[in-house]
Amino acid sequence: MDEEFRNEYNILGRPVPKKDGWLKVSGQAEYADDIFLPGMLHGKLLRSPHPHARILNVDISKAAALAGVRAVVMGKDFPGLKYGNIPQTRDYLPLAIDRVRYIGEEVAAVAAIDEDTAEEALDLIRVDYEPLSAIFDPEDAVQLGAPQLHDHAAGNIAGHSAFHFGDVESGFAASEYIREDVFETQPIKHGMLEPHACVGQWDSSGKITLWSCKMSPYVVWRQLAMGLGIEPGKIRIIQTFVGGGFSGGKQEAMPMDFCAVMLSRKTGRPVKFVHTMEEVLTIGHMRHPMKIWLRTGVTKDGKLQAQHCKLTANGGAYSSIGQFSMYLAGAMLNLPYRVPNIKYEAQRIYTNNGFCGALRGHTIPQICYARDSQLDIIAENLGFDPIEIRRRNAIQQGDTTSNGFRITTFGFDECLERVAEASKWHEKRGKLPKWRGIGVGCGSLISGARLMGHSASAAEIRVQEDGSVQLTTGSTDVGQGADTVLSMIAAEVLGVEVDDVRFPRVDTDNTPVDPGTFGSRVTFWTGNAVKRAAEDARQQLAEMAAQKLRVDPQDLVFRDRQVFSRKDQQQRVGLKELVRWGEFHLGRVIAGRGAYAAGEELIDFRTGFGNLSPAYTPSACVVEVEVDPETGHVTITGIWGADDSGFPLNPLAVKGQVLGATVMCIGQALYENLIRVEGKVMNPSLRAYKMPLSTDVPKLADVEHISVITWEPSGPFGAKEAGEGAGTGVLAAVANAIYDATGVRMKSLPMSPDRIRFALKQKNEKESAGKGSSVAAE
Amino acid sequence: MKHLLPITLRINGEIHDVLVPPWRTLLEVLRESLGLTGTKRSCQEGQCGTCTVLIDGKPINSCLYLAIEAQGRDILTIEGLSKADAHLHQIQKSFVQKGGIQCGFCTPGLVLATKALLIDNPDPSEDEIREAIVGHLCRCTGYFQIVEAIQDAAREMARQGSG
């Protein structure tokens, strides 16, 4: 099938370098911090030193009087309107007004002639706080009498999701083996290298402009309007290059955005804010740490019968998109496996920590870690090879899951088969030398979500008189390659080259409205919209060409910047000439429009039932490790991954995304942990927050990414999600490989050297306390 | 303004006279005084490598290097790498073509680190490449395509006989 499509397409399916690569590699790509406007001031934010306190008074007089300070704002300079993502859980304020709920929460902001002066002024703002008792552990937070964070959330329940499909009791009754385990995951940060940055301007006509590195500029557009209490039409968001997103706050309006525009209003000058890395690591936005209790029932032949999951997430001080985060973990609990009976109960608890939200894979990697670790325990106890037990339970094309996901293409069997082959699984498993091990982990992801709010995508295409194509969407390139793949789709339809297509970044005054980049939606949703917009433009061009060439428009072919009749190839006109002819003689502007909405159906979040996404991708990952028993250090010696991304439109970008997601999850598996003590982040620097380095990943020869090709009928040219899903199985793959190497089962993350050493010590003590014969197991 | 010192910097072969307080870092002077924003600001403590420039051919973190110390030395920033012939340097081409770029924030620093590596060692092993870029974080790629880009640059430069 692979070759067939490659042959059919002129552009898609070939590796195409990133369109903006030339600008980025020469230092010419302008990120938000690279903007220097005439008269621009520099802003800094004052943050709460308390995890929980009442604000009694804010005195800005000394700060405002400091030479070089131009304005100071505090919470009451804003209208006191809460903003956020999901209507029922909006709890953000631009700046705290009467209460702070975590260390690092924004309280006031200064604009000054330079950053040093702004920083100095922060020390002169006097805030009188009345400290309140604080809670950091979700289990404490739900106790009677615990301090309450938000008036609207009794018992500190920030969000919950519960559902039951099939009948777990009868599922467990039909099971011959039942297993219960508890897994814990840690908070990790997005680790994008570009700190959040923005420049805000509020001009005297009342127009607000924000230049910022946003993944979802239209979300920011609406949220700024919400928090400022003005019409969105008065706001213009201009997206700059985005130096890494991963949903690390760049998908939302942040306090710095509100303060930049408000300080601009007060000073008449543009105001820039750039977070320091310490601020990035201190503020909210991180992956939810979770405690996951999972009970699974299985028959002797390894068929999963029932899963019951209870999950508690430490949500931190605010909601972000947490309500959806809780639903998602349960909705994806069993994917990519068939489980007929599922019960799920999740709570997201408010605590006085930095708040959690989305991060590449959202809450799916955590749930896959728990489930695929437990699946290995089950396989071992029932005497199955880990790949075999996965194969026996694999979801197949055409399935409907118990919660109503309709599975279209799903090449999971092939993922397992090919990853086993590439990793030489059967030659290695059980045969590796001491302290070396191999493990598998699997996962699945959506291709964009049908959300209650804005889900649909839109695109516009103009074909200009030089034959070039201007493609605009509200979706953003954040490095993942949207600029390139969307341009490839337009070029494929219009018969031009990728270089002929321009992909300007989002400007809410000019681009079509779109939710932006998250949940692996862009290639699929916006890609479909771009395809339709290009087809619309092609239809307009075909009508003109038919008139000019006196042929049937149905017979026209668009290729190599030419339009010709398939019946008589001499009947042809160059695209450039055709567009000019239309402009000059007909006054035609070639402007195509396209939209994609994936149908009307929505999830019923009360019952959890419904088809979340138009398509789902499975992935399988095999990891080989070597563990040093003296230090507990784990070396990843090989990674092999297979994922079904439909038809990979740009294999170069797919490979980069898949491997990048894999390494990010290796960071979570082995190194990363945002350490908080009483709500204070103890490692807010890249020196102490350990992300994978170039020497931490295996050699090129020991790494392979396999694209399993299926043809997804609802995807643009057969494509599905690629990249985010490939990380979902990695945490369990590493845990399972470590178990294979050492015999210790790591049920909490990260699997850092100290914890592995401790687990090995415990195992040894247990074994020597038992029989002497257990030494043989060493 | 007190504390201002006149200093002269040779950047990408051009002489710049600037007045700066003595505690300003080279990164700050490049970006804020001279508008050379291709050098990126991220962690500001020498951990991420985004602010890398070459001083007399050696990569340094410009966030930890005072501008006054750079006087009398040759400073190469990303803006200077391909200036000579208006075409991109082979290292830059290899980064683009091999997928070594996603968000691009780490890219200028990595390109300059590669330049320094290949001056010293035109035919580096994979391990030597990984060691040479260990001070550069990249969250997007997992480093694989960056290593491939550097290998490709080394091969192409050897073939073209350029250094």
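Reader: Which residue in strand 12 of chain A is the bridge partner of A:His42?

Author: You're looking at a predicted model, where local features need pLDDT of at least 70, side-chain atom pairs count only at pLDDT 80 or more, and totals for chains, interfaces and linings use all residues. Residues are numbered from 1 along each chain as its sequence is written, while chains are lettered from A and ligands numbered from 1 in the order in which they are written. Strands (DSSP runs of E, at least two residues) and helices (runs of H or I, at least four) are numbered from the N terminus. In strand 12 of chain A, the partner of A:His42 is A:Lys272.

Reader: Do strand 1 and strand 12 of chain A run parallel or antiparallel?

Author: Strands of a sheet can pair either way, through backbone hydrogen bonds. Here, three bridges join strand 1 (residues 41-47) of chain A to strand 12 (residues 271-274) of chain A. Two strands count as paired if DSSP finds at least two bridges between them. The direction of this pair is parallel.

Reader: Which strands stand at the edges of the seven-stranded sheet in chain A?

Author: This open sheet has mixed pairing and the order 3-5-1-12-9-10-11. Each edge strand has a single partner strand, so one side of each is left without a neighbour in the sheet. The ones you want in chain A are strand 3 (69-74) and strand 11 (235-239).

Reader: At what angle to strand 9 of chain A does helix 8 run?

Author: Helix 8 (residues 255-267) of chain A lies across several strands, including strand 1, strand 3 and strand 12. Contact here means that C-beta atoms, placed from the backbone, lie within 7 Å. Angles run from 0 to 180 degrees between N-to-C directions, using lines fitted to C-alpha atoms, for helices over the stretch in contact. Against strand 9 (197-202), helix 8 comes out at about 35 degrees.

Reader: How many bridges join strand 24 to strand 25 of chain A?

Author: Another open sheet in chain A has four strands in the order 16-24-25-28. Strand 24 (residues 616-627) and strand 25 (residues 634-644) run antiparallel. A:Ala620, for instance, has A:Ala642 in strand 25 as its bridge partner. The number of bridges joining strands 24 and 25 is nine.

Reader: What is the radius of gyration of chain A?

Author: Chain A comes to 20 helices and 28 strands. The globule rule (2.2 Å times the number of residues to the power 0.38) is set against a radius taken over C-alpha atoms. For 778 residues the rule gives 28 Å, and chain A is close to that, so it is as compact as a globular protein of that length. Its radius of gyration is 27 Å.

Conventions
Two residues are in contact if their C-beta atoms, placed from the backbone, lie within 7 Å.
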